[in-house]
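This report looks at how charged side chains pair within and between the chains of a protein model. Please view the sequence and the structure first.

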Amino acid sequence: MILADEVRHIAKLARLDLSEAELKKMQKDLSKILDYFNLLKNVPLAGQNPINNTKAPRGTNLREDEAKLKRVGLAEKLIAAAPDKKDDCIKVKNIL
Amino acid sequence: MDLIGFTIAQAHEGLKNKKFSSKELALAYLDKIKKLDKDINSFLSVTENLALFQAEEADRKIKEGRISKLTGIPGAIKDAIMVEGERCTAASKILENYVAPYDAAVIEKLKKEGVVILGKTNMDEFAMGSSTENSGFKITKNPVDLKRVPGGSSGGSAAAVAADMAMYSLGSDTGGSVRLPASFCGIVGLKPTYGAVSRYGLIPFGSSLDQIGPMAKTVEDCRLVFEAISGRDEKDATSADYKFTESHAGLRGLKIGVPKEYFVKGIDKDVEKIIRNAIKTAQDQGAKIIEISLPSVEFALACYYIIAPAEASANLARFDGIKYGLSEPGKDLLDVYFKTRGKGFGAEVKRRIMIGTYTLSSGYYDAYYKKAQAVRQFIKQDFAKAFEKVDLIFCPVSPVPAIKIGEKTADPLSMYLMDIYTVSVNLAGLPAISVPVGKTGNLPVGLQIIGDYFHENKILDAASALENA
């Protein structure tokens, strides 16, 4: 059973506010799910490389590192979506 | 004239021969939605103004003789896919009032064809779920049985098509979210090869797993939509240079693999009977049935439920109350993050973020995430070996038909287990379809056909032969 303190620590890392009830349920659910993951101990691995090298055909799909002009008005729409803004900047609380 | 229920090809003929206009077709579907959707709850938003605007544009195009196969054809879009100027919520309270500032690449492509977009469909929040019960807003009912779920996470998209409220829809599939609802609702749903369809403008869940897929009543309709949305997009570096070409080889001589591990404990007896029947039908039409072994299926679910939440925990970090979406007041920046995410995310989303954060955290990364990545290679190799011997793999989509609403919501793991046959396909990046092949009682059962990379044409061809059987 994952410890309640561990659950609190993970919630902190994930920037999630969890109520006491949520923490209790999370502890129960996570424990069951993490227990299920134990079956991976039985996988007959023969030195599989964990790096993802899919067989699917892929060229060099990276584009040139150059600024491309976007549609007029897109930047304004993006700023407009921010909950707090000033002129054409997104406002955030003090970091320092 | 009843304009509801045509296939895309039939509607195309009707529009071309001026039997009816795109506007009349759109109005018929909008009217059907008004009458029926209060019972089904497929749609989160009905984009009536957009639909009528597009229909009028389509009619103009048709008049000028510039009609293409999807011009004027009304469809529905999963609410994880951005349609400019319309709300895009991913069925989450954290994006309840978010309006898409740009079109997804697939929407750009469909708009070029002149389609009509009827609305945005309900889904499990951030595509996390197998029943659409995790939506932050409403529960979608299965049109076949209103007490049952339509499957998930693209449940709204499946229900809209099954209930004739859209001629086709777009869903997204990360661990089965197009194939499972297609199976539960009795329609066709295709998950393309990873990279076949651009993910630009799809709100991401698992970036190495997600694919947008078409859902429709017939295989041919799915094919038409897939052809329109697939192909290289310079805004998605993972999209492939892929040009779809049709295949009409039929079932004769086709080597079909049936994985023995997919028919062991837990599968509903009727589901098994229907699937084996479909396999027999293929055999009767000249296909060669070969029993294969995919031992990795035992580990696929655990592998998926480590990798997908890990990627999700990274992808959902952007929802912090700063750039868009819900923003809760807080005493400092950190407080804004905690409160916004605490309030805006539903239980399943929080659960998966927690799993992902845990398995990526210091001390656990090697035992879980790194291990899962190695298992992922094992799964890919398993399929690669199989495709040396067979052309396609036939198996169930799900061990059970559509479950009752509320049946599995208390036990997350029991819900995850419904994905047991679909997740390995996403882990390997392969294409797969769900095509309806029978019913248990009145509940549809879909056959899953898995193909090798970029073999959608073989899959569609085989599925077409079986849907007419």
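With which residue does Glu56(B) form a salt bridge? The partner is Lys23(B), and the closest N and O atoms are 3.3 Å apart. A salt bridge here is a side-chain nitrogen of Lys or Arg within 4 Å of a carboxyl oxygen of Asp or Glu.

## Basis of the report

This is a predicted model, in which local features need pLDDT of at least 70 and side-chain atom pairs count only at pLDDT 80 or more, while totals for chains, interfaces and linings use all residues. Residues are numbered from 1 along each chain as its sequence is written, chains are lettered from A and ligands numbered from 1 in the order in which they are written, and side-chain values use heavy atoms, leaving out hydrogens and water.

Glu56(B) lies in helix H3 (residues 48–63) of chain B and Lys23(B) in helix H2 (residues 22–40) of chain B, so the pair ties together parts that are 33 residues apart in sequence. Helices (H or I, at least four residues) and strands (E, at least two) are DSSP runs, numbered from the N terminus. Glu56(B) is partly exposed at 36% relative accessibility, and Lys23(B) is partly exposed at 31%. Buried means under 20% relative accessible area, exposed over 50%, and partly exposed in between (1.4 Å probe, protein chains only).

Arg223(B) and Glu227(B) also meet in a salt bridge, at 3.0 Å from N to O. These two residues are four apart in helix H7 of chain B, so about one helical turn separates them. Arg223(B) is buried, at 8% relative accessibility, whereas Glu227(B) is partly exposed, at 31%.

## Salt bridges between the chains

Over all chains the count is 34 salt bridges, and between chain A and chain B it is six. Glu234(B) pairs with Lys68(A), with 3.3 Å between the closest N and O atoms. Glu234(B) lies in the loop between helix H7 (219–229) and strand E7 (255–259) of chain B and Lys68(A) in the loop between H2 and H3 of chain A, so the pair joins two chains.

Glu22(A) forms a salt bridge with Lys350(B), and their closest N and O atoms are 2.7 Å apart. A network of salt bridges links Lys25(A), Asp29(A), Glu348(B), Arg351(B) and Arg352(B).

## The interface

In chain A, 55 residues are in contact (heavy atoms within 4.5 Å) with 68 residues of chain B.
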